[in-house]
Amino acid sequence: MTTNFYYVYALKDPRSSPARPFYVGKGTGSRAYDHLVVPDTTRKYTRIKEILAGGAKPMVDILIEDLTEAQALRLEAELIAAFGTEETGGLLTNAVVPARLGGKKRKHIVVPQGAVERAQLGLEFLKTAVLQLAKANPQGISNSDVASLLGLRSDYLGRQKDYLSYSVLGLLLREGRIKRRDGASPCHVAES
């Protein structure tokens, strides 16, 4: 019998009634409570300091327990998408949507609430999977390896294209998490 150690939680601001969530996360052990005692430079901790300075204490609400990591990830992603992040007009201080995102607004295009967060969370999952593949193969991986082995190859209009995997590799290169090794067979390797 395996035990599921993960849970999903919300940090809530008690200064409104009902208390409003301002952060959603997944964790094990004391993770949900660690935010209250471990300072950092995030918007989440700025909100915590504001609440404390106002004489209140942030509420920690364990929403659901006894989850596998995959279940916790999925529920966390759905809740973040449902509540939205401050960058997209939502409630949460979660930093799943990069600040550089948001480029041009396009007239006549409706972006449903939560769509940006879902896309960015999905992108983080893809980047993590590609990075894990690169780390497991120190000799390097090609774009074709990523597309084929992770099931990212497209079949658009009957033509196989590897644009998605190429884009994910490009993002990881820009972030400095992988590097390109040129040679007879160019490949990508994880940065140490």
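**Close-up views of selected helices**

**View 1. Helix α3 is followed by G84, a residue with a positive phi near 75°.** The model is predicted: local features need pLDDT of at least 70 and side-chain atom pairs count only at pLDDT 80 or more, whereas totals for chains, interfaces and linings use all residues. Residues are numbered from 1 along each chain as its sequence is written, and side-chain values use heavy atoms, with hydrogens and water left out. Helices (DSSP H or I, at least four residues) and strands (E, at least two) are DSSP runs numbered from the N terminus. Helix α3 (residues 69-83) has 15 residues, and its first and last C-alpha atoms are 21 Å apart, close to the expected 21 Å; the expected span is 1.5 Å times one less than the number of residues.

**View 2. Buried residues of α3 pack against strands and a helix.** Buried denotes under 20% relative accessible area, exposed over 50%, and partly exposed the range in between (1.4 Å probe, protein chains only). The buried residues of α3 are A72, E76, A77, L79, I80 and A81. They pack against β1 (6-13), β2 (20-27), β3 (59-67) and α4, contact being heavy atoms within 4.5 Å.

**View 3. Helix α6 has buried residues lining one face.** The 12 residues of α6 (residues 163-174) should span 16 Å at 1.5 Å a residue, and the end C-alpha atoms are 16 Å apart, in agreement. S165, V168, L169, L171 and L172 are buried. Seen down the axis of α6, the buried residues fall within an arc of 160° and so line one face of the helix; the arc is that of the directions from the helix axis to the C-beta atoms. On the other side of α6, Y163, Y166 and R174 are exposed. The buried residues pack against α4 (115-136), α5 (143-149), β6 (178-181) and β7 (187-190). G176, with a positive phi near 75°, follows α6.

**View 4. S165 of helix α6 is buried, with a relative accessible area of 0%.** Leaving aside neighbours within four places in sequence, S165 is in contact with N143, V146, A147 and L152.

**View 5. The axes of α4 and α6 cross at roughly 80° and come within 10 Å.** Axes are lines fitted to C-alpha atoms, for helices over the stretch in contact, with angles from 0 to 180 degrees between N-to-C directions. This makes α4 roughly perpendicular to α6, a term for angles of 65 to 115 degrees. L123, L126, K127, V130 and L131 of α4 make the contact with L164, V168, L169, L171 and L172 of α6. The contact residues divide into nine nonpolar, no polar and one charged. Nonpolar covers Ala, Val, Leu, Ile, Met, Phe, Trp, Tyr, Cys and Pro; charged covers Asp, Glu, Lys and Arg; the others, Gly among them, are polar.

Technical notes. Angles under 35 degrees count as roughly parallel, over 145 as roughly antiparallel, 65 to 115 as roughly perpendicular and the rest as oblique.
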